[in-house]
Number of protein chains: 2
Amino acid sequence: MARRNTNRRVGIADVAEKAGVSHATVSRVMNGNAAVDPGIAARVRAAAAELKYQPNPVGRSLALGKTDTIGIVVPDLANPTFQAILRGLSIAAAQDGYRVLIADSSEVTSEEAILAGEARRRCDGVVLCAPRMGDAELEELAPTLHPLVLINRTTIATNTPSLSVDYGQGIQELAQHLVSLGHRRLVFLSGPEHSASNRQRLVGLDQFRKEHPEIELQMLPGGSNFDSGHECTDAIIASGGTGILAFNDLVAMGLLSGLHERGIRVPEDISVTGFDDIPFAKYTTPPLTTAAVPINELGSLAWRRMREQIQQTGDAPAQAQDEFSPRMEIRKSTAAPALKPA
Amino acid sequence: MARRNTNRRVGIADVAEKAGVSHATVSRVMNGNAAVDPGIAARVRAAAAELKYQPNPVGRSLALGKTDTIGIVVPDLANPTFQAILRGLSIAAAQDGYRVLIADSSEVTSEEAILAGEARRRCDGVVLCAPRMGDAELEELAPTLHPLVLINRTTIATNTPSLSVDYGQGIQELAQHLVSLGHRRLVFLSGPEHSASNRQRLVGLDQFRKEHPEIELQMLPGGSNFDSGHECTDAIIASGGTGILAFNDLVAMGLLSGLHERGIRVPEDISVTGFDDIPFAKYTTPPLTTAAVPINELGSLAWRRMREQIQQTGDAPAQAQDEFSPRMEIRKSTAAPALKPA
DNA sequence: ATGAAAGCGCTAACAC
DNA sequence: GTGTTAGCGCTTTCAT
């Protein structure tokens, strides 16, 4: 035997004994599965209530082969974007009686696969959020994780549902916005090297360059958080650019703060754009022009895609590839550039 | 029987068969428990590797009576403070091989007990974060949840460990700071009614009033997020106060934004303080003076307290009541008031 | 050192 | 309609 019977929690057997029926009958009334004599059912319910019996989910999980839990692995729980996704996912899943187990890889790429695998074993499915791992590894991992939902990343081989944002288009629209305001010298403050979404922005900007050969567009290495934006302040000033495309809102906010410290006015002297439209973006001074990603929808849609797979009775997969287009949010951090003395 | 044997994942039985040993032996080598013949052990490990066998955690949990998972229930996952606690908890727990299951009560007080109970059944313990429920209910619930860690809330009867922040002291220091700058008309923008931490601030301010009868201190109803701060802008202006104590940083930021829109300068015309020192606080314009709560420590300490209970071999409880004192973070949103024309 | 078997708490097939 | 029993995948006692 496994454990001694000392101070066990109340189990189905206790209820059965008190109601004078078998385990099976108790199980039946608790789950409302088969038809049970109303009188007996009442007796069982009374016993259960009196003993404050609550079925043990671990036992149920083992018997049913499902845990009613899904896992999510994110690169960094400190990032507002991932927090919002987690929140949307958690709330949507809860509505269907599912819970979520979290795993933070802390941007350690090599941990992602392990965490995802562990999560999958404990859960009925996994959502992988902006995984940093290489394509080959992802391709190999994906089938072992099914049901799987991918966010901000796609797989070609396996047809797992994915949600993505058209960062390339968004950054182009932002650049276009600056140009139409009159800016001719743009700077892109880029994000983490291994970020797929950064690569998409880069591709979008290449496209932009082709369409606007007359515009100067510099690239500056950056990061993904406040501090990287703040640290780039001097490089930005030195660049001579008047329209700055920050990798995301966090970076833009760091930059805003740095420029403010140097006495450079936004948007009078320099225009700054962000990306994501995190909740704080409209409260910066000045409020940030950005490309809004429907971050709350992402989480809830991720759940819907997961649910579709979990409930799938076995027929055709028909995995969806959802792509969101960011929505321009023009606020006060962008304006026409000052007329240059030169 | 429960499920049909169709497409089952690889289990301990498969490894046992392949290695030509019993389940028990496989279990032994997987857990390194009893001494196993090195040759057999190697064979088992080879078989396990070849089959990519990973023990099923649900089966283990049932046998072991533990899940290596803890639950956390928070009132609102959108709140940066709770996000930070969740993050700290998750990272600390992960270091010890534990995962965390989240439950968001969405500020629905009546859901808290249910969510906590469900979480507890699936996990080895629960941390209850700033529960909104009444004292009586908490008192009754606490024993059924053990092991339990309370954050921002204490229980008298049961001796469950709790982590709290001395909000009363923090708000007094903030008020003191404003007074020493020369402010004589203060306003407190209060938080949610059922928030225990709001009550603590109120108590602290009562104390402050006694010590400073010469200072005018008004109370204005507010909330806990950006929008409530923003909405209070006109009321603040109308109040005639020059030193504003916002319930927290979020509220302060909303207010900052509202004041900026009305052309009121901070800190020249009005000084504003926040509370918590969320990551964004030092990037507002102007950077926010606030009382810093060691929010990352809270999460990791919560885990330590939980671990102490889980590992407790049965001896004396000795439950800790940890109280943190906020640290003043004087930045640029507070200054001496302008000399009044009157 | 190893295998057989019991048991963790539950659900469901089967027999009555 | 209800009880009996097998089985979910694992750990651990007990006997060898």
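Reader: What makes the pair Asp234(A) and Arg262(A) a salt bridge?

Author: This is a predicted model, and in it the closest N and O atoms of Asp234(A) and Arg262(A) are 2.8 Å apart. The cut-off is 4 Å between a side-chain nitrogen of Lys or Arg and a carboxyl oxygen of Asp or Glu, so this pair qualifies.

Reader: Why do you say that this pair links distant parts of the chain?

Author: Look at where the two partners sit. Asp234(A) is in helix H11 (residues 233–239) of chain A, while Arg262(A) is in the loop between H12 and strand S9 (271–273), and the two are 28 residues apart. Over all chains, the structure holds 32 salt bridges.

Reader: Which salt bridge joins Arg87(A) to the other chain, and how do you know that it counts?

Author: The side chain of Arg87(A) meets that of Asp76(B), with 3.7 Å from N to O.

Reader: Which elements of chain A supply the side that touches chain B?

Author: Six elements of chain A each supply at least two residues: H4 (57–64), H5 (80–95), S2 (99–104), H6 (109–122), H10 (226–231) and H12 (249–261). H4(A) gives the most, with 7 residues. By class, this side has 22 nonpolar, 15 polar and 12 charged residues.

Reader: How many residues are in contact, and how much area do the chains bury?

Author: Contact joins 49 residues of chain A with 49 residues of chain B. Between them the two chains bury about 4300 Å², 62% of it on carbon and sulfur atoms. In chain A, the residues that lose the most area to chain B are Arg122(A), Phe280(A) and Tyr283(A), together 17% of what that side buries.

Reader: What makes S2(A) and S2(B) a pair of strands?

Author: Two strands pair if there are at least two bridges between them; S2(A) and S2(B) have 3, so they pair. They run antiparallel, and Ile102(A) stands opposite Val100(B).

Reader: Why is the relation of the two chains called a two-fold axis?

Author: A rotation of 180° superposes chain A on chain B, with 0.0 Å of shift along the axis and an RMSD of 0.0 Å. That is the relation of a two-fold axis. Leu101(A) comes closest to this axis among the residues of chain A, at 2.2 Å (C-alpha).

Reader: How do you know that the same surface serves both copies?

Author: The contact residues tell us: 100% of those of chain A recur in chain B.

Reader: What makes Ala130(A) stand out?

Author: Ala130(A) has a positive phi of about 45° although it is not a glycine. Most residues other than glycine have a negative phi. You can find Ala130(A) in the loop between strand S3 (126–129) and helix H7 (135–145) of chain A.

Conventions:
Residues numbered from 1 in each chain as written. Chains lettered and ligands numbered in written order. Predicted model: local features only at pLDDT ≥ 70, side-chain atom pairs only at ≥ 80, totals over all residues. Heavy atoms only, no water. Contact = heavy atoms within 4.5 Å. Buried area = accessible area lost by both parts, 1.4 Å probe. Helix = DSSP H or I, 4+ residues; strand = E, 2+ residues; numbered from the N terminus. Nonpolar A, V, L, I, M, F, W, Y, C, P; charged D, E, K, R; others polar. Least-squares fit on C-alpha atoms with pLDDT ≥ 70 in both.
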